[in-house]
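Trainee: I have a model open and would like to learn how to read it. Could you walk me through it, from the overall layout down to a single side chain?

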Amino acid sequence: MSLVAALDYPLHTLPAAALAPRLRVVLLGCGTVNAGVLAGLDAMASRIEIASIVTRKPRRKGDDRFAWLTDITAAFDTGPDLVIDGLPDCAAAEKALALAVERGIHVISANKAVIARRPDLEARARRAGTGFAYSAAVGGGVPVLETVARLKAAGETITHVRGVLNGTSNFVLGLLEKGIGFDEAVTAAQAAGFAEEDPGADLDGLDAAAKLALIARAAFDIAPDAHAIPADSLFDISTGQILGARENGLRYRQVAELASGADGVRASVRLIALPEDHALARVENEENAIEIRCASGTSVVLNGKGAGQTPTAGSVLSDVRALLAGIKAG
Ligand SMILES: NC(=O)c1ccc[n+]([C@@H]2O[C@H](COP(=O)([O-])OP(=O)(O)OC[C@H]3O[C@@H](n4cnc5c(N)ncnc54)[C@H](OP(=O)(O)O)[C@@H]3O)[C@@H](O)[C@H]2O)c1
């Protein structure tokens with residue numbers, strides 16, 4: 001039997017996916033985000049092969065379909081084409097992304113802190129022509145960076161960005177408004193998979209500042225230092241203030257803002273008591289909302305799940321699909 005006869009379709013009509021290369025992938029971390037990514041990658045098995053998965057604690061009872069490692073360098077030695085970073089902000093994550101870029105490995109990351117701190121990595125990857133995407137790093141499942149890119153591609157000049165960008169703070173503020181204690185509210189955010197193991201950056205405004213830094217990079221081609229962006233901390237506001245505002249028809253929200261003017265781009269993360277019918281005051285739980293305004297008068301408002309496994313993993317998987325779509329059959 002000839003080869004062509006053995007196939008369901010003649011060679012000249014093979015779908016592109018059947019000819020396109022299969023990417024070997026290393027997952028860095030397998031917590032809230034990457035456990036969802038791993039499940040979603042199953043559907044891409046014709047294009048994706050999991051080379052290894054790295055976690056901090058050994059997975060004795062891990063799924064033995066995969067090579068579970070605790071050493072990031074050993075994982076790189078399994079020869080990946082793509083690294084999907086679901087690590088927290090830590091030195092190991094920064095080192096791993098730097099190594100990936102150095103070795104010409106595609107990077108997809110949810111790690112806004114490291115991506116914001118190391119603009120050089122994205123610049124270097126772009127120069128080398130390797131993939132470097134981080135849709136999930138801003139807005140969880142809300143396509144913030146994608147919208148900024150589309151507005152710019154349409155010739156718009158973005159002037160103003162304002163929104164609730166940190167799902168954890170919003171979730172905690174919502175519980176504080178109901179009279180729930182601060183520690184209990186933070187624990188509930190962690191249990192729901194919204195907050196980091198160390199939620200300090202969420203509550204101090206640094207997480208929102210890192211997201212502003214990434215939006216500023218996409219919108220204004222600048223790379224501000226997230227730590228230099230003035231930010232109000234939830235630790236500095238009392239439950240009494242929050243409940244008092246509520247009695248007066250106001251709701252505290254963590255509002256992140258970028259404004260471009262003659263004196264450059266101003267950025268801030270502020271806790272503001274907004275009238276309860278204000279669009280940002282109506283953002284509930286872990287939701288995010290953002291308004292992007294342009295010099296032309298165009299204004300885009302986005303709302304959606306800013307954190308949690310399903311929306312965040314969905315954004316990572318959309319980056320994977322975009323990368324696969326861009327890799328031509330050899
Ligand atoms: N959760 C969200 O809703 C959300 C939304 C947008 C962006 N993000 C970002 O996505 C990233 C991951 O968040 P997550 O919520 O999935 O975190 P997570 O649930 O805490 O999971 C982190 C994973 O990283 C592993 N890990 C931590 N330190 C490590 C090290 N030094 N070496 C090897 N593995 C290490 C952990 O291993 P063990 O399992 O052994 O502990 C765990 O599997 C973060 O950068 C976060 O900011 C999260």
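Mentor: Happy to. Keep in mind that this is a predicted model. Taken over C-alpha atoms, the centres of domain 1 and domain 2 are 28 Å apart.

Trainee: Which residues belong to domain 1 and which to domain 2?

Mentor: Domain 1 takes in residues 3-140 + 311-326, and domain 2 covers 144-306.

Trainee: How many residues of domain 1 are in contact with domain 2, and what area is buried between them?

Mentor: A count of contacts and an area are two ways to describe an interface. Here 17 residues of domain 1 touch 17 residues of domain 2. The buried area is about 1400 Å², with 58% of it coming from carbon and sulfur atoms.

Trainee: Now the sheet, please. In what order do the strands lie?

Mentor: To read a sheet, follow the strands by their partners. This open sheet has 6 strands in the order β3-β2-β1-β4-β5-β6, with parallel pairing. β3 (68-69) and β6 (132-133) each have a single partner strand, so one side of each lacks a neighbour in the sheet.

Trainee: How many bridges join β1 to β4, and how many join β1 to β2?

Mentor: Strand β1 (residues 23-28) is joined to β4 (residues 82-85) by 4 bridges, and leucine 27 has isoleucine 84 as its bridge partner in β4. With β2, β1 pairs in the parallel sense over 6 bridges; there, arginine 24 stands opposite glutamate 49.

Trainee: Where do the side chains of a regular strand point?

Mentor: In a regular strand they alternate between the two faces of the sheet. As for cover, 5 of the 6 residues of β1 are buried.

Trainee: Which strands does α3 lie across?

Mentor: α3 lies across β1, β2 (48-54) and β4, and runs at about 160° to β1. Helix α14 (residues 309-326) also packs on the sheet, where it touches β1, β2, β4, β5 (106-109) and β6. The direction of α14 makes about 160° with that of β5.

Trainee: Let's end with one residue. Is asparagine 34 buried or exposed?

Mentor: Asparagine 34, in helix α3 (residues 32-41), has a relative accessible area of 1%, which is under 20%, so this residue counts as buried.

Trainee: What lies 3.0 Å from a polar atom of its side chain?

Mentor: That is the backbone oxygen of leucine 28. Beyond four places in sequence, asparagine 34 is in contact with Leu27, Leu28, Gly29, Ile84, Asp85 and Gly86.

Terms used. Residues are numbered from 1 along each chain as its sequence is written. This is a predicted model: local features need pLDDT of at least 70, side-chain atom pairs count only at pLDDT 80 or more; totals for chains, interfaces and linings use all residues. Side-chain values use heavy atoms; hydrogens and water are left out. Helices (H or I, at least four residues) and strands (E, at least two) are DSSP runs, numbered from the N terminus. Buried means under 20% relative accessible area, exposed over 50%, partly exposed in between (1.4 Å probe, protein chains only). A polar contact is a pair of N or O atoms within 3.5 Å; within protein, one must be able to donate a hydrogen and the other to accept it, and residues adjacent in sequence count only if both atoms are side-chain atoms. Contact means heavy atoms within 4.5 Å. Two strands pair if DSSP finds at least two bridges between them. Axes are lines fitted to C-alpha atoms, for helices over the stretch in contact, and angles run from 0 to 180 degrees between N-to-C directions. Domain bounds come from an automatic or database domain assignment. Buried area is the accessible area (1.4 Å probe) that two parts lose on being put together, summed over both.
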